[in-house]
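Student: I'd like to go through this model with you, one question at a time. Could you show it to me before we start?

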Amino acid sequence: MKKLCCLLLLLASSVFASPVSDLALVGQGKMSWLFWDLYQARFYSESGRYRPEDYPQALSLRYQRNIDKEDLLAATVKEWQRLGVSWKQEWPQQLEQLWPSVRTNDELVLRVDNNGISRFYFNWRLLGSIDDPDFAQAFLAIWLSSDSRDPQLTRQLKGG
């Protein structure tokens with residue numbers, strides 16, 4: 001009976017555990033457009049410091065507005081194009097299969113593991129993964145690149 005209880009606790013904790021529980025917060029900030037707050041962003045790493053390509057890392061976005069999945073996808077591709085990031089044609093299709101539309105207070109988390117595999121979580125539930133290590137760098141560049149749309153947010157996320 002004791003083993004069964006331990007197993008159930010372990011299963012429950014893995015189902016409801018935060019994808020960032022073993023990482024340290026590096027920095028946080030909010031993204032606004034005109035008069036509207038779009039989301040609160042937090043960036044995590046194992047060391048608690050920003051080091052590009054030093055995984056595991058995670059980016060958490062807690063949305064402050066309702067945004068349709070199609071708008072999230074379009075904004076992602078638009079930012080890759082604006083930044084001149086090398087991206088692959090299959091990534092938007094993979095994201096379309098993974099991402100839902102978001103509502104106020106929904107949280108979308110990207111966690112990149114030591115092998116560069118990107119896993120997306122929605123309100124602490126695993127949505128799926130993209131196994132291409134190049135994806136993590138391209139996706140995180142939207143927030144962490146020196147040419148990001150919001151340099152102040154980038155500095156905050158990097159702990160500056």
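This is a predicted model: local features need pLDDT of at least 70, side-chain atom pairs count only at pLDDT 80 or more; totals for chains, interfaces and linings use all residues.

Student: Is Asp113 buried or exposed?

Tutor: Asp113 is found in the loop between strand E4 (107-112) and E5; strands (E, at least two residues) are DSSP runs, numbered from the N terminus. Buried means under 20% relative accessible area, exposed over 50%, and partly exposed in between, using a 1.4 Å probe and protein chains only. At 17% relative accessibility, Asp113 counts as buried.

Student: Which residues does Asp113 touch, not counting those up to four places away in sequence?

Tutor: Touching here is contact, meaning heavy atoms within 4.5 Å. With residues up to four places away set aside, Asp113 touches Tyr55, Pro56 and Arg119.

Student: What is the omega of the peptide bond between Tyr55 and Pro56?

Tutor: Most peptide bonds are trans. Pro56 sits in the loop between strand E2 (36-45) and strand E3 (57-63). The bond that joins Tyr55 and Pro56 is cis, with omega about 10°.

Student: What is the phi of Glu53?

Tutor: Most residues other than glycine have a negative phi. Glu53 lies in the loop between E2 and E3 and is exposed, with a relative accessible area of 53%. Its phi is positive, near 65°.

Student: What about Asn123: what is its relative accessible area?

Tutor: Asn123 lies in the loop between strand E5 (118-122) and strand E6 (125-130). Asn123 is not a glycine, yet has a positive phi of about 50°. Asn123 is partly exposed, and its relative accessible area is 34%.

Student: Which residue in E6 is the bridge partner of Phe120?

Tutor: Nice one to finish on! Six strands form an open, antiparallel sheet in the order E1-E2-E3-E4-E5-E6, where two strands pair if DSSP finds at least two bridges between them. Five bridges join the antiparallel E5 and E6. In E6, the bridge partner of Phe120 is Gly128.

Terms used: Residues are numbered from 1 along each chain as its sequence is written. Side-chain values use heavy atoms; hydrogens and water are left out. Helices (H or I, at least four residues) and strands (E, at least two) are DSSP runs, numbered from the N terminus.
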